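Reader: I have not looked at this one before. Can you walk me through it, a piece at a time?

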Amino acid sequence: MPQALSFIFGTILAVIVMFYVPTYQNLEKQEDIAYLNTYQVVTDFVDNVRTKGYITPQMYEDFQQKLHVGDVLYNVEMVHKHKYYHPVYTDPSDPTTFTGKYVVDYDEYYWEQIKEQLYGKNAGPEEDRMYKLEEGDYFGVYVENKTKFKSTMLLEFLTGKIGDHDPVVISVPYGGMVLNEDY
């Protein structure tokens, strides 16, 4: 009897491994392809914005369309850091006390402020809607998946840890300094 149980258990284990391993590897490959697509789309968009120095509604909509290919949904956050130079004075009320030094500071604008410029009530006609950045500013995009991949769900099912894993598999932060003002 113990040999029969051993044989049945071994057969079940062999069948599980025979189907699980190739399926899991295939699903992980799909995950890798989704990451590569996301990385390419994000870098293309950010480099385009950094080179041109502005964002138009059409640029953003093209970015969203290319990003949301397949069944993966993403959280997208944009940040624009506008650079300011503040002169340093020993006495702020007396302009003759300028020390010759400057402090660099940044004002940060996020997607809600950018969206207002592109799509807000006072945005104007579509061809005039443009969010402008200045040379030397910083622009960055942060993308994370918000849907679980099938490979994560399969791993959770087989290990019995349903819901314990972090669903964020794709996380792409990318940004840099604005190089041009082409508007």
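Reader: Which exposed residues sit on the face of α3 turned away from its buried side?

Author: E112 and E116 are the exposed residues carried there. Keep in mind that this is a predicted model.

Reader: And which residues of α3 are buried?

Author: W111, I114 and L118. Around the axis they cover an arc of only 65°, which puts them on the same side of α3. An α-helix has 3.6 residues a turn, so residues three or four places apart point the same way.

Reader: What covers them?

Author: The cover of the buried residues of α3 includes β1, α2 and β2, along with β3 (98–110) and β4 (131–132).

Reader: OK, W111. How buried is that, as a percentage of relative accessibility?

Author: W111 has 13% relative accessibility, so it counts as buried, the cut-off being under 20%. W111 also forms an aromatic pair with Y60.

Reader: Stacked or edge-to-face, that pair with Y60?

Author: Stacked, with 4.3 Å from centre to centre and 25° between the planes. Y60 is in helix α2 and W111 in helix α3, so the pair ties together parts that are 51 residues apart in sequence. Y60 counts as buried too, at 14% relative accessibility.

Reader: How many aromatic pairs does the structure hold?

Author: There are 8 aromatic pairs. One of them is F45 with F139: the ring centres are 6.2 Å apart and the planes are at 65°, so this pair is edge-to-face. F45 belongs to helix α1 and F139 to strand β5, so the pair ties together parts that are 94 residues apart in sequence.

Reader: Are those two buried or exposed?

Author: F45 is buried, with a relative accessible area of 5%. F139 counts as buried at 0% relative accessibility.

Reader: Which residues do the ring pairs link into a cluster?

Author: The cluster is made of F45, Y60, F63, W111 and F139.

Reader: Next, the largest nonpolar core. Which residues touch the most other members?

Author: The core has 28 residues, and V42, F45, I55, F63, M78, F139 and V141 are the ones that touch the most other members. Two or more residues come from each of α1 (2–52), β1 (54–55), α2 (57–67), β2 (74–89), α3 (111–119) and β5 (138–145).

Reader: Which element gives the most to this core?

Author: α1 does, with 6 residues. In soluble globular proteins, nonpolar side chains tend to be buried together.

Reader: New topic: how much space lies in the largest pocket?

Author: About 320 Å³. It is lined by 18 residues, and Q30, A34, D71, V72 and F149 are the closest to its centre.

Reader: Which element gives the most to that lining?

Author: α1, which gives 6 residues to the lining of the largest pocket. Both α1 and α4 supply at least two residues each.

Reader: Then what is buried in α4?

Author: Helix α4 spans residues 150–159, and its buried residues are S151, T152 and E156. They cover an arc of only 135° around the axis, which puts them on the same side of α4. α1 is included in what covers the buried residues of α4.

Reader: What comes just after α4?

Author: G160, which takes a positive phi of about 80°.

Reader: And the other end, where is K148?

Author: K148 is in the loop between β5 and α4. K148 counts as partly exposed, at 32% relative accessibility. K148 and V72 are 76 residues apart along the chain, and their C-alpha atoms are separated by 8.0 Å.

Reader: Last one: F19. Buried or exposed?

Author: F19 counts as exposed, at 54% relative accessibility. F19 has its place in helix α1. From F19 to D71 it is 52 residues in sequence and 23 Å in space, C-alpha to C-alpha.

Definitions and conventions:
Residues are numbered from 1 along each chain as its sequence is written. This is a predicted model: local features need pLDDT of at least 70, side-chain atom pairs count only at pLDDT 80 or more; totals for chains, interfaces and linings use all residues. Side-chain values use heavy atoms; hydrogens and water are left out. A nonpolar core is a set of buried Ala, Val, Leu, Ile, Met, Phe, Trp, Tyr and Cys residues joined through side-chain atoms within 4.5 Å. Buried means under 20% relative accessible area, exposed over 50%, partly exposed in between (1.4 Å probe, protein chains only). Helices (H or I, at least four residues) and strands (E, at least two) are DSSP runs, numbered from the N terminus. Rings of Phe, Tyr and Trp (its six-membered ring) pair if their centres lie within 6.5 Å; planes under 30 degrees apart count as stacked, over 60 as edge-to-face and the rest as tilted. The arc is that of the directions from the helix axis to the C-beta atoms. Contact means heavy atoms within 4.5 Å. On a 1 Å grid over the protein atoms alone, a cavity is a set of points where a 1.4 Å probe fits but cannot get out, and a pocket is an open set with protein on both sides within 12 Å along at least five of seven lines; lining residues have an atom within 4 Å of a point. Grid points are joined across faces, edges and corners, and a volume is the space filled by probe spheres set on the points.
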